[in-house]
Amino acid sequence: MNVPVEEAEDLVGKVKEKKMAELFANMEHMDIQAERRNTAEQRQRAERAEERAKREKERAEQEKERAEQERERAEQEKKRAEQEKERAEQAERMALQCIQNLMKNMSYTAETAMDMLGIPMEEREGYLAKL
């Protein structure tokens, strides 16, 4: 029992004197069966709350995993877009270099050089601006 020493000594004295009835004289009425039911109900509530918390944690972990996968996909897409942009810029530089080489070495006009290279009409203005 977790009681002060003086109280414990008083209880022991009553037991020695066979005054057992006095031990329970100051106790409040207590329904043990009701206490057991209450304890069982509280345990069940705690278990249900624990299960809910577990499910919520699992959902949060799944959402975190989905977010991480989405972030990775976005990074891959960004990388692919950057690579595609770099390839397009490189192709444009190569086309400009070819146009300039044809103009210089073959004395072609820019229009003739672009005709020879098969550059579409809608792209020619951009190349002319960069020459």
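## Core, salt bridges and loops

Alanine 95 touches Leu117, Ile119 and Tyr127, leaving aside residues up to four places away in sequence; contact here means heavy atoms within 4.5 Å. The model is a predicted one, in which local features need pLDDT of at least 70 and side-chain atom pairs count only at pLDDT 80 or more, while totals for chains, interfaces and linings use all residues. Residues are numbered from 1 along each chain as its sequence is written, and side-chain values use heavy atoms, with hydrogens and water left out.

Alanine 95 also belongs to the largest nonpolar core, whose nine residues are Ala95, Leu96, Ile99, Leu102, Ala110, Ala113, Met114, Ile119 and Tyr127. Helix H3 (32-106) and helix H4 (110-117) each supply at least two residues of this core, and the largest share, four residues, comes from H3. A nonpolar core is a set of buried Ala, Val, Leu, Ile, Met, Phe, Trp, Tyr and Cys residues joined through side-chain atoms within 4.5 Å. Buried means under 20% relative accessible area, exposed over 50%, and partly exposed in between (1.4 Å probe, protein chains only). Helices are DSSP runs (H or I, at least four residues), numbered from the N terminus. In soluble globular proteins, nonpolar side chains tend to be buried together.

Two members of the core, Met114 and Ile119, are also touched by arginine 124, together with Glu111 and Asp115, again not counting residues up to four places away in sequence. Arginine 124 lies in helix H5 (residues 121-130). Arginine 124 counts as buried because its relative accessibility is 7%. A polar atom of the arginine 124 side chain lies 2.9 Å from the backbone oxygen of isoleucine 119. Such a polar contact is a pair of N or O atoms within 3.5 Å; within protein, one must be able to donate a hydrogen and the other to accept it, and residues adjacent in sequence count only if both atoms are side-chain atoms.

Methionine 103 lies in helix H3 and, at 30% relative accessibility, counts as partly exposed.

The structure holds eleven salt bridges, each defined as a side-chain nitrogen of Lys or Arg within 4 Å of a carboxyl oxygen of Asp or Glu. Side chains of opposite charge can pair when their charged atoms come close. Three of these bridges are listed below.

| Salt bridge | N to O distance |
|---|---|
| Arginine 71 and glutamate 75 | 2.1 Å |
| Glutamate 86 and arginine 93 | 3.2 Å |
| Glutamate 92 and lysine 130 | 2.1 Å |

The bridge between glutamate 92 and lysine 130 links distant parts of the chain, with glutamate 92 in helix H3 and lysine 130 in helix H5, 38 residues apart. Glutamate 92 is partly exposed at a relative accessible area of 29%, and lysine 130 is partly exposed at 45%. Arginine 71 and glutamate 75 both lie in helix H3, four residues apart, about one turn of the helix. Arginine 71 has a relative accessible area of 38% and is partly exposed, as is glutamate 75 with 44%. Glu68, Arg71 and Glu75 are linked in a network of salt bridges. Glutamate 86 is partly exposed at 38% relative accessibility, and arginine 93 is partly exposed with a relative accessible area of 47%.

Several features lie in the loops. Serine 107, in the loop between H3 and H4, has a positive phi of about 60 degrees although it is not a glycine. Most residues other than glycine have a negative phi. Serine 107 is exposed, with a relative accessible area of 64%. Aspartate 31 lies in the loop between helix H2 (20-23) and H3, and a polar atom of its side chain lies 3.2 Å from the backbone nitrogen of glutamine 33. Aspartate 31 counts as partly exposed at 38% relative accessibility. Glycine 118 is placed in the loop between H4 and H5 and counts as exposed at 56% relative accessibility. Glycine 118 and glutamine 44 are 74 residues apart in sequence and 79 Å apart in space, C-alpha to C-alpha.
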